[in-house]
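Let's take a friendly walk through a protein model together.

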Amino acid sequence: LFQRSFQVMSTPVKEFNMCVLGFTQVGKTSLMQRLNGVPFNRKHACRSSLEEEPTKFSIEVPTSAGIVLYNFYDWNWETKRKDQNINQQLMRGRDGAIFLYDCTDRRTVRDFPDYCDWYERATGFDKPYIIVSNKNDQKKKAVDDAEGMGLAKKGDHRAYCAISLVDDTGLDEMILATTKIMMKDVNINLTGSFGPASAATVQWSNERNAAATAGIGLGMPVVKTKRVLLVVLNKSVVEKFNDAIVPTEYSLEVVGSVGMAEEEFAPVAEGTEAPLPVHALLVPPTASDQQQAALRELAATHNVGFLVSVPRNLVEGLEAIGKK
């Protein structure tokens with residue numbers, strides 16, 4: 001383990017940005033360093049409480065589906081623990097989170113409900129969450145495996161892992177569990193050793209992110225070419241879907257009923273500018289079976305896509321419709 005051989009790898013198939021959450025001195029930074037091949041140091045100093053910017057650790061993981069790139073963001077969360085607004089700002093836009101606690105110190109799990117609440121408010125209630133118990137080389141434990149597993153069972157898209165940075169116990173299992181959840185593929189496997197992201201992978205990531213945000217800082221919005229009709233009344237749901245679709249070619253248009261969605265396909269009056277073509281009809285999983293059936297029929301009638309989705313999976317679902 002951790003005797004990494006870094007041959008030239010292919011372009012990553014996926015990139016995920018992850019928060020690393022947890023109480024002070026549970027081993028967040030040490031874990032990130034260990035995943036990057038840095039030897040464990042018991043004398044590692046706790047990060048300064050004055051640090052405001054996150055430390056970014058990037059690793060690439062070879063899998064049966066291709067290379068997966070993880071960007072882990074580590075803050076000194078303890079200094080911001082009581083300011084939920086700051087916490088939500090720091091968590092916003094992340095694809096998933098790792099919550100790390102010290103199994104020998106019960107205090108380190110006390111904030112789990114707060115972190116969970118802040119994280120879900122900032123990123124959505126369906127984002128993955130990996131719960132990691134650290135320092136399992138110690139004989140005396142204040143938090144046992146059953147309690148850690150219980151935290152994972154309190155929500156969907158969660159996994160539990162027990163690790164030790166002293167002897168590397170559980171690290172491969174943690175990366176595999178994380179990858180299965182993030183890739184949404186229980187059959188995926190690791191096909192080699194993970195380690196620090198190569199220069200080529202970092203460059204690919206930088207170019208990809210630059211392209212995705214091109215023009216935003218200059219007040220130049222992404223060009224929209226297709227419409228997605230979201231049939232929903234809940235304003236908070238609309239906001240989450242809109243956040244997911246902003247950096248894409250799709251334009252989100254909210255309609256309150258099946259009838260209103262049908263009106264969007266009416267012929268445009270002569271001399272009136274035609275709207276963008278409808279790419280898909282969209283509803284959240286909370287939509288009734290009757291509403292879903294009606295919209296599916298409407299989509300088939302007008303030869304457009306129909307999608308039942310949560311915000312996290314929206315863009316992927318829309319892209320899949322475009323490939324059919």
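In this predicted model, the largest pocket holds about 1,700 Å³ of space. A lining of 42 residues surrounds that space, and the closest to the pocket's centre are Gly 93, Asp 95, Ala 244, Pro 247 and Val 315. How is such a space found? Rolling a probe the size of a water molecule over the atoms shows where empty space is left.

|---|---|

Which element gives the largest share of the lining? That is H10, with six residues.

Let's stay with H10 for a moment. Its buried residues are Leu 314, Gly 317, Leu 318 and Ile 321. These four lie on the same side of H10, because they cover an arc of only 100° around the axis.

Now return to E1, which also belongs to a sheet. This open sheet has seven strands in the order E6-E5-E4-E1-E3-E2-E7, and its pairing is mixed. At the edges are strand E6 (158-162) and strand E7 (195-196), each of which pairs on one side only. Strands of a sheet pair through backbone hydrogen bonds, either parallel or antiparallel. E1 and strand E4 (residues 96-102) run parallel and are joined by four bridges. Opposite Phe 99 in E4 you can find Leu 21.

Methods
Residues numbered from 1 in each chain as written. Predicted model: local features only at pLDDT ≥ 70, side-chain atom pairs only at ≥ 80, totals over all residues. Heavy atoms only, no water. 1 Å grid on protein atoms, 1.4 Å probe; cavity = no way out; pocket = protein on both sides within 12 Å on 5 of 7 lines; lining within 4 Å. Points joined across faces, edges and corners; volume = space filled by probe spheres on them. Helix = DSSP H or I, 4+ residues; strand = E, 2+ residues; numbered from the N terminus. Buried < 20%, exposed > 50% of the residue type's maximum accessible area, 1.4 Å probe, protein only. Arc of directions from axis to C-beta. Pairing = 2+ DSSP bridges.
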